[in-house]
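Visitor: I'd like to go through the side-chain packing in this one. Can you put it up?
Guide: Here it is.

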Amino acid sequence: MSLWLNGIGVSRGIAIGRVQKLSGGDLEIPEYTIAEADVEAEETRFCAAQARAREQLEQVRAQVPAGLGGAQSEIAAFIDTHLLMMDDRSLTEAVVATIRSSRINAEAALKRQRDALVAVFEQMDDAYLRSRKDDVQHVSARILRILLKQERSLPVGEAAEAPAEPNIIVADDITPADIILLAQAGVAAFITEYGGPLSHTAILARSYSIPAIVGLHGARRLFKDSEAVIVDGDLGHALADPDEQALSFFRTKRAGQLARRASLSSLRDKPAISRDGIKIRLLANIELSEDATHAADLGAEGVGLYRTEFLYMNRQGLPTEDEQYEAYARVVASVKGPITIRTLDLGADKQVDSGSRSGPTPNNPALGLRAIRLCLKEPELFRTQVRALLRASAHGDVHIMLPMISSVAEYRQAKSFIDATRAQLEREGATMAKHVPVGAMIEVPAAALAAQWLAKQCSFFSIGTNDLIQYTLAIDRVDDEVNYLYDPLHPAVLRLIRMTIEAGDRGRIPVAMCGEMAGDPRYTRLLLGLGLTEFSMHPASVLEVKRIIIESDVHALRAHAMNLLETGDSQALELLMA
């Protein structure tokens, strides 16, 4: 009897294969007191396990395949992050100190420190950074398995090599290192019980173009080893023990997807112009200078979002002005076309320590001192970054984007600060572009509602749908318990998007979208209909979105979209879009 299950589709595509379950991630971790005479031996045992874990990761790092373009650097970066964390004092030295002070076994000491670090990450405002608690858990789990002699064996043998019966991995969660090994073994798809669109499984599955579903609770209990299963990564559906009719339908759907994907490369040098002659600008979201080159190779016309937070992470002190300038200048010089650089989008607590704040951790950091609020509260922190950005503008077409703007007054304060900083640099004789546009990221519902007034002040808007949806619907998109409510088609979300685009049109300023929604082909026609003319996305999505644009009649879509906006039910709206 067939079983139909729903999770969150995070990597598109259809896969048909046999279930291969990975052993559970929950480890039974004993805690016991050790004698004073055994403390040194216990420290040695922990250090040996740590060294063995590092050796394993280095072996995986060496196996990252070439030829993946920007995805190659993205995949390698995950492993590098784990290697750095493996040697981080907050993990290693703290565990040794706990063994000495509490005289407990290494497993228990590591568990205590892991739980403490995870609690810190859970307090972070930014959803992407908050989801990086997975790094702590994965690194700790690798060392714990070695200490407990429970190292997980991966199904990378003969079964994975049989083309007629590829493996579909079902697990509670999968580490980046495991994904790399499984991808090389030819697995057809991933299904995990936990995770969201920003989880490691999601990001790496997209890099490898492997269909994936996350957040399918109870998957390891509901699926049987070796049973046939169909995975639809577009819709987040999994069908266990399918009948012949279902198999025939999904084989046809998969064949069509593969044929379309194979034809995309021919679109690389074609402009993104609709059938009725509307020119659409396609930009890329990047984090590294290498990503810019890969994005250009895939037809992106510039960069719509360059995140700067990574300069501030995994370090003791703040980056200097010259250090930031060199990083920005390098990426700006590598971009052909405009590059929109987002100013620091972190919260005050735990992530950045400028030495001037104290007090309790906020109860709700997502609504606290973060992003532009933090920058305005800490003018020296903001001034250092703005000076570096303005100096880097001499190397290309730089636009500065301010995150989490919620009012006209807030934007004016930030813009005045940037203008004053420019005047200071001019007095010093610094070289800069004559004009650096400054815009607002529309990700707070208040900003969308005030867009008609903001448009009179800003040089451009960029809609950050990830947070706009999260704040509008009052849900945490990385919380497994509620992320099923994350709905880009909610009528309130669509009205806020349309309101922002209309305000930009009336104010004669460009409006882009840089959230995940912009790179999802399911929503391309709808966004065209809502009037969006600039899309910024992960480089891997550019060609597929371009194909849809070229095949679309934008004027007809705009008429249709106005009717869709009258639909108050997102499920009905999804049917109308099909």
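Visitor: Which residues touch the most other members of the largest nonpolar core?
Guide: Leu402 and Phe461 do, in a core of 91 residues. This is a predicted model, where local features need pLDDT of at least 70, side-chain atom pairs count only at pLDDT 80 or more, and totals for chains, interfaces and linings use all residues. Residues are numbered from 1 along each chain as its sequence is written, and side-chain values use heavy atoms, with hydrogens and water left out.

Visitor: What counts as a nonpolar core?
Guide: A set of buried Ala, Val, Leu, Ile, Met, Phe, Trp, Tyr and Cys residues joined through side-chain atoms within 4.5 Å. Buried means under 20% relative accessible area, exposed over 50%, and partly exposed in between, with a 1.4 Å probe and protein chains only.

Visitor: Switching to rings. How many aromatic pairs are there?
Guide: Three. Rings of Phe, Tyr and Trp (its six-membered ring) pair if their centres lie within 6.5 Å; planes under 30 degrees apart count as stacked, over 60 as edge-to-face and the rest as tilted. One of the pairs is phenylalanine 249 with phenylalanine 250, edge-to-face at 5.1 Å centre to centre and 90° between the planes.

Visitor: Is phenylalanine 249 buried or exposed?
Guide: Exposed, at 53% relative accessibility. Phenylalanine 250 is buried, at 8%.

Visitor: How is phenylalanine 382 paired with phenylalanine 417?
Guide: They are stacked, 5.0 Å centre to centre with 20° between the planes. Phenylalanine 382 lies in helix H15 and phenylalanine 417 in helix H16 (residues 408-428), so the pair ties together parts 35 residues apart in sequence. Phenylalanine 382 is buried at 0% relative accessible area, and phenylalanine 417 is buried at 14%.

Visitor: Now arginine 342. Where does it lie?
Guide: In strand E11, residues 338-342. Arginine 342 is buried, with a relative accessible area of 6%.

Visitor: Which side chain does arginine 342 join in a polar contact of 3.0 Å?
Guide: That of glutamate 309. A polar contact is a pair of N or O atoms within 3.5 Å; within protein, one must be able to donate a hydrogen and the other to accept it, and residues adjacent in sequence count only if both atoms are side-chain atoms.

Notes
Helices (H or I, at least four residues) and strands (E, at least two) are DSSP runs, numbered from the N terminus.
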